[in-house]
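Open the model in your viewer and keep the selection panel at hand. The tour goes from one selection to the next.

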Amino acid sequence: MDLAHPLAVVTPTLDGDILVVLALVDTAFTPRQLHGMLSQHSEDGIRRALRRLTSQGIVSDQRAGNAYLYRLSRSHLAAAPIIELARMRQTFLARLEDRLGSWGVAPVYGAIFGSVARGSMRIDSDIDLLLIRPDAGDRDRWDDLVAQLTADVTAWTGNDTRVLEFSESEVLRSGRQEPVLRDVVAHGLTVAGTADWLRRALPAKEPNDVRS
Amino acid sequence: MSGARRCTPQVREGRLAKANQFVAVARDVADLADQAKDVADAYVTLLVHAGIAAADVICCARLGEYAHGEYAHGVDHNDAIALLKAADAAAARHLETLLKMKTRVGYGHTPASQEDLKKAQRAGDALLKAARAV
């Protein structure tokens with residue numbers, strides 16, 4: 001699946017992308033405003049899709065001067081499941097946080113990075129997950145938890161899951177030589193620990209450089 | 001909202017880069033100081049700017065427009081908060097916390113307190129996290 005286009009799991013059409021915008025905020029939009037947010041689609045196409053959705057009752061229109069404003073009809077029977085689908089990216093991150101928070105051997109830090117974090121995900125993109133393992137703790141248990149999570153994330157999304165794992169001491173000792181960790185600092189979506197931990201673990205300069 | 005500007009992908013990307021930059025420099029300022037209170041006002045001010053940039057990203061993603069320019073003139077903070085509230089009510093509360101501090105730490109003569117530091121850090125972190133996740 002593509003978390004940037006969550007309704008594509010049920011409809012690979014413009015209608016799905018419009019519903020996502022309308023579902024995530026309780027605000028009315030003109031077709032032109034929607035075109036500004038969905039610029040890969042034509043404004044005419046957006047108007048036609050809005051008419052289809054209005055005829056289904058899931059979108060309501062309201063005249064404002066010469067323009068029409070459109071919003072999701074939140075009383076519609078289909079509104080709740082559509083909102084739930086539209087929030088899939090947030091649900092995914094929250095579920096990951098919950099899972100990692102439940103581990104007896106909690107990660108020092110965890111983050112989604114790569115195309116999911118950068119908003120450039122495609123339907124066949126891998127899901128990249130960084131996990132920093134604590135130095136202390138049951139290693140076998142940790143490996144079991146990571147393997148189970150990897151399988152579960154793939155089952156949740158349909159995408160391959162790639163876990164990039166470092167130990168806490170590896171990051172502190174040589175993490176600044178890993179470009180991928182810098183990418184996580186810049187774009188990562190934290191799902192365990194705090195982003196500040198990773199940033200502090202990767203000083204921009206050697207301590208001596210600061211005063212040179 | 002009056003004064004809201006239409007957003008482009010370039011604006012969204014640029015505002016997120018600035019939010020990241022402000023937070024990173026805020027942390028560096030705090031790390032390099034002998035005492036946190038020595039740089040409290042600079043630290044909070046940087047987090048306020050990070051929060052404003054993050055709020056713009058959220059508004060861009062959800063509403064296709066953002067409140068750029070309103071803050072710069074020191075007016076209409078309420079409009080900016082209202083715009084963000086339409087996009088993300090929880091984020092709007094964090095922005096409100098930061099904007100309340102903005103004028104005092106930037107132009108007042110009393111230093112930011114330890115409590116201000118913690119509140120600004122919590123609000124800034126939450127806004128940046130939300131901005132990255134939208």
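Select A:Ile112 and look across to S6(A): A:Leu189 stands opposite. Strands here, like helices, are DSSP runs numbered from the N terminus (strands E, at least two residues; helices H or I, at least four). Now show strand S3 (residues 109–113) of chain A with S6(A): the two pair in the antiparallel sense over three bridges. Pairing requires that DSSP find at least two bridges between two strands.

A word on the model: it is predicted, local features need pLDDT of at least 70, side-chain atom pairs count only at pLDDT 80 or more, and totals for chains, interfaces and linings use all residues. Residues are numbered from 1 along each chain as its sequence is written, while chains are lettered from A and ligands numbered from 1 in the order in which they are written.

Four strands of chain A form an open, mixed sheet in the order S5-S4-S3-S6. S5 and S6 (189–192) of chain A are the edge strands, each pairing on one side only. From one strand to the next, the twist averages 25°. Angles run from 0 to 180 degrees between N-to-C directions, and axes are lines fitted to C-alpha atoms, for helices over the stretch in contact.

Next, strand S4 (residues 127–133) and strand S5 (residues 161–167) of chain A. They pair in the parallel sense over seven bridges. Pick A:Asp128: its bridge partner in S5(A) is A:Arg162.

Helix H5 (residues 88–101) of chain A lies across S3 and S6 of chain A, at about 30° to S6(A). H7(A) packs on the sheet and touches S4 and S5 of chain A; its direction makes about 155° with that of S5(A). Contact means C-beta atoms, placed from the backbone, within 7 Å.

Move to chain B. Select helix H1 (residues 9–32) and helix H5 (residues 114–133) of chain B: they pack at about 150°, axes 11 Å apart. H1(B) and H5(B) are therefore roughly antiparallel (angles over 145 degrees count as such; under 35 is roughly parallel, 65 to 115 roughly perpendicular, the rest oblique). Show the contact residues: B:Leu16, B:Ala19 and B:Val23 of H1(B), with B:Gly124, B:Leu128 and B:Ala131 of H5(B).

Finish between the chains. The contact takes 13 residues from chain B and 16 residues from chain A. On the chain B side, H1(B) gives the largest share, four residues.

Terms used. Contact = placed C-beta atoms within 7 Å.
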